[in-house]
Each structure stands twice: as C-alpha cells, then as structure tokens.
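Here is a short briefing for a reader new to this structure. Please look over the sequence and the model before reading on.

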Amino acid sequence: VNIELQVIGSALRAVCEEMGAALIRSAFSANIKERRDCSTALFDEHGRMIAQAEHIPVHLGAMPDAVAAVAACDPGLHDTFVLNDPYAGGTHLPDVTLVSRTALGFAVTRAHHADVGGPEPGSMPASSRTLADEGVVISPTRLDATTLERLVAQMRNPDERRGDLRAQLAAQAVARRRIDELSDRYGPEGVRAAMDELYAYSERLVRAAIAKLPNGRFAAEDVLEAAAGALPIRAAVTVTGEEIEIDFTGTSSQHDGNLNCPLAVTRSACFFVVRCLAGPDLPASGGAFAPVSVRAPEGSLVNARPPAAVAAGNVETSSRIVDVVFAAFAQARPVPAQGQGTMNNLTLGNDRFTYYETIGGGQGACPDADGPSGVHVAMSNTLSTPAEALELGYPLRIERHELRLGSGGEGRFRGGDGVVRELRVLEPCRLSLLTERRARAPRGAEGGGPGAEGRNLVNGMEVPAKATLDLEAGDVVRIETPGGGGYGVTAE
Amino acid sequence: VRILGVDVGGTFTDAVLVEDGQVLTAKVPTAERQEESVLAAARAVGASGVERFTHGTTVATNALLERKGARTAFVATTGFEHLLHLRRQDRAHLYRLCAQHPEPLVPLERCVGVRERMGPDGVLVPLDLGSLPDVDAEAVAVCLLFSFRDPAHERAVAAEVRRRLPGAHVVASHELAPEFREYERASTTAVDAYLGPAVARYLGALSHACAREDLPVPFVMRSSGGVATLAAAAAHPALALLSGPAAGVVGAARAAALAGFDRAISFDMGGTSTDVCLIDGGEAERSGERVVGGFPVRLPTVDLHTVGAGGGSIARRDAGGALRVGPESAGARPGPACYGLGGAEPTVTDANLLLGRLPDRLAGGLELDREAAARALGDLDPADVVRVVDAEMLRALRVVSVERGRDPRDCVLVAFGGAGPLHACALAEELGIGTVLVPEAAGVLSALGLAAADERRDVVRTVLAPLTEAGELPAEGEADLRYRGQSFELSVPLGERLAERFHEAHEERYGYADGDREIELVAIRTADVRPGPEIRLVAAPALQVSGPAVVELDGSTCWIAPGWVGVRDGTQGGGLLLTKGDERAPKP
C-alpha cells in the first residue's frame, strides 16, 4: 500500500475528529454538548463514505442516503444543505443533517436536536401516527441565514436551536478548510487516490472476514412491543463467499404507530452487526459495507413509505433489527447474548424547555466475557448527562442514578446490569417515553439466563412502555433499564 | 550554585548536575525501587553540595497503571454511590461489545452514600452524618453533588471520615478539582486517594535517603510543568501523574528560549512512546483534563499528546496489507534486532540503521549489527517503515498545532529523546517548519528541565456567573469563558477587553461569534509561580555540517537530511540548529 495514501488517510480521519470536537464544544443543548448525540463524516465525489468520527452507529450507516439526497440537488462548491426528512435522506425528524459540497466530495454532520417543532415538546412523541405529528419536515434545502431563521422559528427554544445549528456549521467550516488544505498539499488527485484506498482497504478486510464464515442461509425473528400488539421482524442472512445478503421478507407491514423506519436505518443496523462480527477495529469507511446488501419489502416496518411516523424506528426498531440479525448469525458463529435492546428514550418539555436523553442498560454476555453494565448496547453510544450539568440548565433534578444490581442474566458469563435513573421535574411539563423490552426480556445464549425486563414508573406507579403524559411539579419519573442476557450454563 | 535534576524513566534514570553553566550528565538503569535509582544517578553524576534538587517520578503513574494503589473507599451523595462504575455510560469499544473499561479503582462494596443533597442554589437535603456507614479502607475519596458550588457538606463528611479513620488518606473533591460534572470530579478524586498512600510512602523513603546522602529534600515535578514541595506532592499525587513527560516539555521550552525562540513544538521520541506539546510564549500549552489509564483526571497538565510509537516500535504488515508500526515495542530488552541482544522483530531503529542514519557504533559503545537489522526487516522497505512511523508522529504534531488552530510554520521543532533527532528533518518538512533545534542535552533533556523548572501552584476558582457581574478580576491568569448555554469553555488570558477577546477566540475556533449572547465566566485560573534558577549552558564545540550527515550527541543521534544544514555556534544556547536550504531561522 502506497505510504502517502496512508498519510493522507490519517489526515482525513483527523478532519472528522476535528469536526466532531468543533460541534460538541460549541453546541448549546445538553443532548449534543454533554451526551454527544451527533456524528461527523467525509464523503467522496461519488457519495461514498470515506471517513467518520466514531460516535453514534445509527447515524453513520444511514448517512449515505443524506449525501445522495443532497447530491441530487446539484449543490455548488461550499453550498450547505439541511435536511431531516426520513424519506429524503433522514432518519427521524430530530436528527438534523447538514451536508456541504467540499472541493473533493461532501462533509456531513448529523445531530439530534432537542426539539424540531410539532405538537409534542421534544419531538419524540409516543403516539404519533404520521410524520406530520412528529415535527417540522425539512426536505433537502440550501441553508442560508434566512432559511436558518425560518426553520428555528418553527421549533421550540429557537435560540438554542440556532446555537446548535451554528455549531454544526462550525464543523462544516472545519471540513471545508481542511479539505482545501489537503488538496493544496497533495493535489486533488492525491487526495482522491487516498479516498479510494480508504474505501478499498476496509472492503478488502471485511471481504476477507466474511469469507471465513460458513456459507448458508440463516433465519431468525423477534418482535417489537407496539401498543396494539407485537410486531414481528424477520431476517434471513445469506452468506455466499465474500458477500452477505440480509432479507427482511416476512417482517410486519408498517404500522399505525411510530416504530417504522426508513430503509437507511435498517441498513445501518445491518452494517453495525457485520462490523461487530467482521471488522471491529477497521478504520471506518463505506467500503466495509460494500459486500453487504439489504433487501426489505416496500411498505414494511423496516422500509416504510410516507406518511408513516418514524420517531421510534431510528432508536427502538433499529435496536431490534440488531437483535434479529445477530440471532441469525448465531447459527453461523458464536455471537453475544441479547443486550437491553432499547435506548430508553425519555423526553421532557414544555414551552420553556425541552430535554431528551437515552439511558444505558445491560450488554449481553459474550462467548468469552461478561457483558458490561450500564451502557448503550447497539446503535447508540451517547453519554449520560451529568446531574450537575442537567440541574444547572433545566428545571429537573436527578434523585437517583445507580446500577440495577442483579438485573443481568446468569450464565458462565454474566449479562451486564441495567440502570436505575430517577428524575424529578420541578415545573409542569409533558413526558414522552419510547421504550422496549418491558414485556419480553433480553434472552440469554447457549443456556445463559435472560436479563430482567425494564420498567417505567411515575410516582411509583407503573406506566406503559410507550407513553405520553402530563407531569406536575415534583413528580418523579423512574426508569429501570433492562439487563443483558447471560452466556453459557452457570458452572456448578 | 549546584542544581540537581533526576528523572526516572521506564528504562533509564537520568541525572543532570548544573554548576556555573557547566552541565554534567549521567544515566543509570532504573531499579525496582525508584529511590535507589534516584540516589544511584545522583552519585553517578557526582552530586555533592547540591543546593536545589528536583525530581521527576513515575511512581504515581506506575501505581495507577499497575493497580498497586491503596484499598480505597468512595463516599457519594445517597443515590449516586455507583458513580465510578456508571462512568458516562459510553461503552469501551463501539464494535467490541464486551470490551470493558478498566475496573474502577473502588469496588462496589466500598462505594457508600451519605444522606444530603446540595443543588445548584444550595442545600436541598440537610447533611445527616449519622447515615454515613463505616468503611474499612486505607484511603477515602469523598465527592458529593455540587460541592464545587458549596463544599460545606463535603467538608463535614471528610472531617468525619478523618475522625473515624485517623490513619487513612482522605481526599475531598472540592479540595482538588472544584469543577462541575460529577463523574469526572469523582474519578479525579478517586485516583488521587488511591495513589495517596503509595506515593507518600515513596516520597517519605526518598526524603530519608536524601537526608542520609546529604542531599536536600527534592521538589517534585507536577503534570502542570511546575514543581511542588515534596509534602505538597505527597498530599495530592494525582497532580504528578505526568511528572516525567512534563519535565521534558519544560526542558524543551527552556532550550527553545535559550536559543531565542518562544514558539516551538516539543518532540520527545523515546523507545516506546513519543510525547509532543506546543510551546507558545516560552510556556507549554496547558489543559484542564487528561485521561490516564482509562480514568479522567481533571487537573492542570501540560497539554501533551502521546503516541504509542518510538524507536523500538515493531513494524508488521496487517491482514489488509497495510504496514503498521507499534504499539508493540522491542523495549530495552531484547531491543531492536541491530542491538544484537536477541531481538528478531523489525523496529524503527533497525530501519534507521539500514538507511544510514545511525553510526555503526553508538556513543555508549554498542556495536550495531547491520545484517541482523536486514534479516529482521526481510522484504519490508526501511524507508517505508520510517515513513509510516513518521505519519504517526505527524498526526500527533498536527493534533497539538494545526487542530488547535496554530500554524506549525511559526514554530521551531525541538527534537530530543533517543530517537527524536533522527526523525526531525522529515517531520519538519512535512509541516512546513524551516528550523529544528536539537538541544545539546537531547538525551537527558527531561532531567535538565527538572533542574530549570519553576515552582508553581495552580489555583482554580469556579465562578459560573455572567461575565458582566464578575466584578474585579485578577490581572494575570486565565478566564474560562463560554456563551451562556454552552458546556465547554475557551480559556482567554485575563486583561483588557476580555469579552471582545472571547468573541474573537470563538470566531477563530468555531467560525462565528455572537455578540448578542451573554458570556458566562466559568472559572478563573491563576498560578503562583516562583521562577526556577537561570541556567546558562557553556556551548559545545562549534560545528557546521550539510546534510546528508550523521551527528552524534550525548545520548542521541541526529540525522541531518539532504538539503538541511546543521550549525552550532554557541548562539543557540549550546544547541544544534538545523535549517532547510538557505532559509534563515524564523521570526521568533
């Protein structure tokens, strides 16, 4: 491998890291500045992902669709577009994506905003039935000062939204500057060649890893806990030589709630599993996913059509897709037991403030190790908000934040424990909960025990997995997150 | 005046004795008991009648990385006992799902709660000392919520623990790191408590040994680049985690200043790792937080960036065909293949030898085995090995310069450590740097940095109020400022036009400023500094040499690349100045 290409490759990865730092450090909402619910990436002129800062898995596998949607608008050099439409490059509405045309491709930032308008503060309603119930839908639009003001005016806390969008713009500016510098230093052809190599390198390594899996077709299914009843997700994984096809035929049709997801999110979840199994240490580029194709029936839960609501698809359905695809691969090679399988989405807000967080739980045990406790297990990796940061900025108080000891499944290797988190609201507001694994516990593997299912309580009274309700000042929301499954039979 | 500096490294312990500008140096192997190495090095350099003695130690770092600290307990606000185990909920590896963070320093059974609660505006639940369980521990870390705003509860709890456990090392978070974000503050406090007994024991033993040898009680280098009294260092060892590397940065800053440069990048490339740091205005860049051994430590430190690659790093091809160098290292034993001590793996040093950048015989007398080096490299091109390791170095150098908005072309590169001067010309060219300074004491610069270090005490005062209401501010020091609503601050030197200069810094860093937003003053950082001794070095013999050329130095070898010229004429503080072509030294 040409060494200069490796040098430029390192530089491109450094650009993504620098973009991420600029975004987080200049942001205003807790969800971005403390929880780091955001991602950055660089794409080449063909819309292939070349480098990414390793933040949130669900963002990254889904970004190519955003770039494709913007590329179709024929942006001029250094133009920046904004979008959040799940049916035109987005995932769910709070994830606002900026895409700029750079001298040698595209730069992308995606950040989960604490509110994007709509009837429910926080724009993560539990009971939305169409996309319009979830907030402002932004199809790819050139972002100038007027557009920015027009957009934030439709959202709660426009001042905070403006600050967060400017933080994203700061990251876009970093990319523009650095790509220009690299192009001056090595020539556009040199950088293009390095981009090609970053892509090809990951593809080579993943192909080699897939080749080591047994050929065959492996099928599995699991369900989501929709309010109206269980929704099955079915996947068949076919390994042929160096390639993998994942087919969701047989999965439930899109439903009247918001567990639907666009195909980009489904793909992202599939890529995540392949990455875990075939190349956990690879430098991230789209090449890692080139040997993987994903098929899903149009109009199904995992390839929804407008105007289906999607708020929970990106966070909850994506988690279940990971479980199902892992379960299919389990017939080809050992895989971890199931983790908490939910992000435990909690949104609080009124006209004055909106706050969103997701809460970690137990990771399923692996064939050779215990599962970690109190972490996000699949498509998220956001941080917790420190109680001190939260209470300085919002009318909220954390009463308790601790491990849910004993909630991990038994086994030769133990599942990780979930978490208990209690928030007291200090003024009247709305609560939205989007959670899973409240009725069906994460399963153990190879004889390991299940993790404990999660629980949601308000003032000590249990509330459903998906709920939107009014809270009074002083009310306490308690979330007990699921434990992970154990692996193997406990030794006597 | 006789000044002694002793720096303990992983392989060697270096001593520098400075008297009237004359510098004597010595190197001894590092022994199991560090205090013995310190004395051995002091004897080897002929230290007697020493008036000031400064020490850089790895005892704190080693105790943390090897998990040989005290049996520690942790006291938190009830409901937050598991803080050290919950961390910030991010996993250790994005795609290796069962990768674990390092085991917390305090096991769950010694994490306890006390009933009380402070909020942002004061007491929410009064302190109930009776609810504090007894703990069995040698060290105790106390971290209660919002103690950075009001330490009353935390202070009372710490006093109670000290009363119940008179022999224990008790640290309260507000004494050490009074800043918001409870996990990071708790982690810092736990590290400090955990290291307390071991470091105090070591420093006690050292102090006794020094008394026997008629040496003064040493000052100890802190991560911040300033030295503290031995007693102060023993009280809060987390402040000395970067003791050794910080000394190197101080040495580089001094060497640069003596040569007339106040902007530099310190490049310390050793056998297994490399430390780089930006120096501006003659001072090392500082940072408020660093992760050590997987634990956040929120304390002032020189803002150096470490890469796990150095002269002993091993080169190999990975499954994708890419050439990788490090982090595995041949260390001192067996060392690079060319040392002929049994090493068979190809290292960076072997590649440098094959490229003609090392002499056949090192200054210490070691014969280098060219054939063994060639065997070890096999079909690897030595030039490729050097380019790959240079790419790693380059990334580190960019992190501390370009990525922080500093133009490396305004800096000289100060190259030292065993391998630094071998790689400096190529790296300088890549960064557009026209001048490299190789200090005369390149092999023992950290020890020289110790001898020259200032006494320094950093003070952080959390304010967290609108800047307009902050009242009178000190004349010197730094203000941590942000727009109200942000969570990360920019440090701006105190002085006139503070608000305007913050807007400018924000514009420079993030591409925009917002004159309408309220600015929040988060903290004031000041430092009491007592300047270290002035050191004037007597110049080594004059030299002028054009590349390609190999120049042997004390404890190091310098490679002057083609197109570069090396000059030592006594005007550069005794160092060797390398310049590209006929470019002259930069604008200081």
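Predicted model: local features only at pLDDT ≥ 70, side-chain atom pairs only at ≥ 80, totals over all residues.

In it, the axes of the two chain B helices cross at roughly 55 degrees.

**Helix packing in chain B**

- Helix α11 of chain B covers residues 382-400, and helix α12 of chain B covers residues 420-431.
- Their axes come within 10 Å.
- The crossing of α11(B) past α12(B) is right-handed.
- On the α11(B) side, the contact residues are B:V386, B:V389, B:D390, B:M393, B:L394, B:L397 and B:R398. They meet B:H423, B:A426, B:L427, B:E430 and B:L431 of α12(B).
- Eight residues of this contact are nonpolar, one is polar and three are charged.

**A hairpin in chain B**

- Strand β25 (residues 478-483) of chain B pairs with β26(B) in the antiparallel sense, over four bridges.
- B:E478 has B:P493 in β26(B) as its bridge partner.
- Six residues separate the two strands of this hairpin. In the turn, B:G485 has a positive phi of about 110 degrees.
- Side chains alternate along strand β26 (residues 490-493) of chain B. B:L490 and B:V492 point to one face and are buried.

**An open sheet in chain A**

- Six strands of chain A form an open sheet, in the order β2-β1-β5-β4-β3-β6. The pairing is antiparallel.
- The edge strands are β2 (49-52) and β6 (141-142) of chain A, and each pairs on one side only.
- Strands β3 (residues 80-83) and β4 (residues 95-102) of chain A pair over four bridges.
- A:F81 stands opposite A:V99 in β4(A).

**Backbone details**

- The peptide bond from B:G326 to B:P327 is cis, with omega near 0 degrees. B:P327 lies in strand β21 (residues 323-329) of chain B.
- The bond from B:G547 to B:P548 is also cis, with omega near 5 degrees. B:P548 sits in the loop between β28 (543-546) and β29 (549-553) of chain B.
- A:S123 is not a glycine, yet has a positive phi of about 55 degrees. Its place is the loop between β5 (105-112) and β6 of chain A. At 1% relative accessibility, A:S123 counts as buried.
- B:L464 is not a glycine either, and has a positive phi of about 50 degrees. B:L464 lies in strand β24 (residues 455-466) of chain B. With a relative accessible area of 11%, B:L464 is buried.

Conventions. Residues numbered from 1 in each chain as written. Chains lettered and ligands numbered in written order. Heavy atoms only, no water. Axes fitted to C-alpha atoms, helices over the stretch in contact; angles between N-to-C directions. Left-handed = near helix turned anticlockwise from the far one by under 90°. Contact = heavy atoms within 4.5 Å. Nonpolar A, V, L, I, M, F, W, Y, C, P; charged D, E, K, R; others polar. Buried < 20%, exposed > 50% of the residue type's maximum accessible area, 1.4 Å probe, protein only. Pairing = 2+ DSSP bridges.
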